[in-house]
Amino acid sequence: MFASLEPVLFVPIGLLVIVDIWAFVVCVMKGKYYFAVFGILFHPLFYIGAIRIAKPDSSWAKSRYGEEKMRIARERFPQAAIA
């Protein structure tokens, strides 16, 4: 009975796991460690952390942000801003 449902459930569950892992990695790269850790328990936090602006001292911001985005990040996170 349940054997016929396995292929149907495998694809959406697999895609959800892949998207969650991607969002976890993005949160860590953006310096959003609390979103990454608590996102394990409450999945929408993964997506919130992945969408919001990165901390200015994170690897994500250093490699992907131009002057304007970095200025916004420094205004948003003044305690994490670097010179």
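This is a predicted model: local features need pLDDT of at least 70, side-chain atom pairs count only at pLDDT 80 or more; totals for chains, interfaces and linings use all residues.

Start by selecting R76, which counts as partly exposed at 40% relative accessibility; buried means under 20% relative accessible area, exposed over 50%, and partly exposed in between (1.4 Å probe, protein chains only). R76 is found in helix α5. Helices (H or I, at least four residues) and strands (E, at least two) are DSSP runs, numbered from the N terminus. Leaving out residues up to four places away in sequence, R76 touches R52 and I53, where contact means heavy atoms within 4.5 Å.

Residues are numbered from 1 along each chain as its sequence is written, and side-chain values use heavy atoms, with hydrogens and water left out.

**The whole chain**

Zoom out and colour by secondary structure. The protein has five helices and zero strands, so the elements run α-α-α-α-α from the N terminus on. Of its 83 residues, 29% are buried. Among contacts between residues at least 6 apart in sequence, 32% join residues at least 24 apart. Next, show the surface. The protein exposes about 6,000 Å², and carbon and sulfur atoms supply 74% of that area (Shrake-Rupley method, 1.4 Å probe; for residues, only the protein chains shown count as cover).

- E68 with R71: the closest N and O atoms are 2.4 Å apart. The two residues are three apart in helix α5, and so separated by about one helical turn.
- E75 with R71: the N to O distance is 2.6 Å. These residues also lie in helix α5, four apart, about one turn of the helix.

Switch to the surface again to see how open these positions are. E68 is partly exposed at 47% relative accessibility, and R71 is partly exposed at 37%. E75 is exposed, with a relative accessible area of 52%.

**Helix α3**

Select residues 44–51, which form helix α3. P44 is found in this helix and is partly exposed, with a relative accessible area of 36%. P44 and D20 are 24 residues apart in sequence and 9.3 Å apart in space, C-alpha to C-alpha. Now look down the helix axis. Which residues of α3 are buried? They are F46, G49 and A50. These residues lie on the same side of α3 because they cover an arc of only 100° around the axis (the arc is that of the directions from the helix axis to the C-beta atoms).

**The nonpolar core**

Select A23, V26, F46, A50, I53, A54, W60, A61, Y65, M70, A73 and F77. These 12 residues make up the largest nonpolar core, a nonpolar core being a set of buried Ala, Val, Leu, Ile, Met, Phe, Trp, Tyr and Cys residues joined through side-chain atoms within 4.5 Å. Two or more residues come from each of α1 (6–29), α3, α4 (59–64) and α5 (67–76). In soluble globular proteins, nonpolar side chains tend to be buried together.

Not counting residues up to four places away in sequence, W60 touches V26, M29, K30, A54 and Y65.

Then move to A61, which is in helix α4 and is buried, with a relative accessible area of 0%. With the same exclusion of residues up to four places away, A61 touches A54, K55, P56 and M70. A61 and A73 are 12 residues apart in sequence and 8.2 Å apart in space, C-alpha to C-alpha.

**Last stop: S58**

Select S58, in the loop between α3 and α4. S58 counts as buried at 6% relative accessibility. Its side chain reaches the backbone nitrogen of A61 at 3.3 Å. Leaving aside neighbours within four places in sequence, S58 is in contact with M29, K30 and G31.

Terms used: A salt bridge is a side-chain nitrogen of Lys or Arg within 4 Å of a carboxyl oxygen of Asp or Glu. A polar contact is a pair of N or O atoms within 3.5 Å; within protein, one must be able to donate a hydrogen and the other to accept it, and residues adjacent in sequence count only if both atoms are side-chain atoms.
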